[in-house]
Amino acid sequence: MAYPTELWGIMGLWVGAVLTVAIYSYMLYKENPLYRLAEHIYIGIAFAITAVVAVQNTNRIAVTPLLNGQIVFIIPIILGLGMYTVFVEDYRWISRYSIAVLVGCMLGVVTSGTLIPNIINQITSTIAAPSGAT
């Protein structure tokens, strides 16, 4: 990867370098205002990137296919929104159904991926006669 040559790229490089030194200042002088500033900037940027990626993934994976006529995507959308009802006391019971479906699906995925390689192959190897014994 080439070094940045435009102004914003060079400024971003310098800001990253200064923030890295500010984070390392914690080792020299414990918690200081420069460290706290760098910490808050890092957490803010991480949250912003996470929010943007979450919205883009939701649009790409759920909303766009739903608008294109694939109505079956309404089920995971409803189940996903149902998980947020855990924060509302009167509607908390709805979240239990969403979580139950999620736990059931993941149990099926994990069991099917674990059962054959870890259990059935072990039993088959134990029962079968050794091959190539000389």
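Modeller: One definition comes before the rest: helices (H or I, at least four residues) and strands (E, at least two) are DSSP runs, numbered from the N terminus. The model is predicted, with local features needing pLDDT of at least 70 and side-chain atom pairs pLDDT 80 or more, while totals for chains, interfaces and linings use all residues. Residues are numbered from 1 along each chain as its sequence is written, and side-chain values use heavy atoms, without hydrogens and water.

Colleague: How many helices and strands does that give for the protein?

Modeller: Four helices and zero strands. From the N terminus the order is α-α-α-α.

Colleague: How do helix 1 and helix 2 cross?

Modeller: Helix 1 (residues 7–29) and helix 2 (residues 33–67) cross at roughly 125°, their axes coming within 8 Å.

Colleague: Why is helix 1 called oblique to helix 2?

Modeller: Under 35 degrees counts as roughly parallel, over 145 as roughly antiparallel, 65 to 115 as roughly perpendicular, and the rest as oblique. The angle of roughly 125° makes helix 1 oblique to helix 2. The crossing is left-handed: the near helix is turned anticlockwise from the far one by less than a right angle; clockwise would be right-handed.

Colleague: Which residues meet there?

Modeller: Leu19, Ala22, Ile23, Ser25 and Tyr26 of helix 1 meet Leu34, Tyr35, Ala38, Glu39 and Ile41 of helix 2. They divide into eight nonpolar, one polar and one charged.

Colleague: At what angle do helix 3 and helix 4 pack?

Modeller: Helix 3 (residues 74–83) and helix 4 (residues 92–127) pack at about 125°, with axes 7 Å apart. That makes helix 3 oblique to helix 4. Their crossing is left-handed. Helix 3 brings Leu79, Gly82 and Met83 to the contact, and helix 4 brings Ile94, Ser95, Ser98, Ile99, Val101 and Leu102.

Colleague: Why does Thr85 count as buried?

Modeller: Buried means under 20% relative accessible area, exposed over 50%, partly exposed in between (1.4 Å probe, protein chains only). Thr85 has 17%, so Thr85 is buried. Thr85 lies in the loop between helix 3 and helix 4. Leaving out residues up to four places away in sequence, Thr85 touches Tyr91, Arg92, Ile94 and Ser95. Of the 134 residues of the protein, 9% count as buried.

Colleague: What makes Glu89 exposed?

Modeller: Glu89 is in the loop between helix 3 and helix 4 too. Its relative accessibility is 61%, so Glu89 counts as exposed. The C-alpha atoms of Glu89 and Asn118, 29 residues apart along the chain, are separated by 42 Å.

Colleague: And why is Lys30 called exposed?

Modeller: Lys30 has a relative accessible area of 61%, so Lys30 is exposed. Lys30 sits in the loop between helix 1 and helix 2. Although not a glycine, Lys30 has a positive phi of about 50°.

Note on methods: Axes fitted to C-alpha atoms, helices over the stretch in contact; angles between N-to-C directions. Contact = heavy atoms within 4.5 Å. Nonpolar A, V, L, I, M, F, W, Y, C, P; charged D, E, K, R; others polar.
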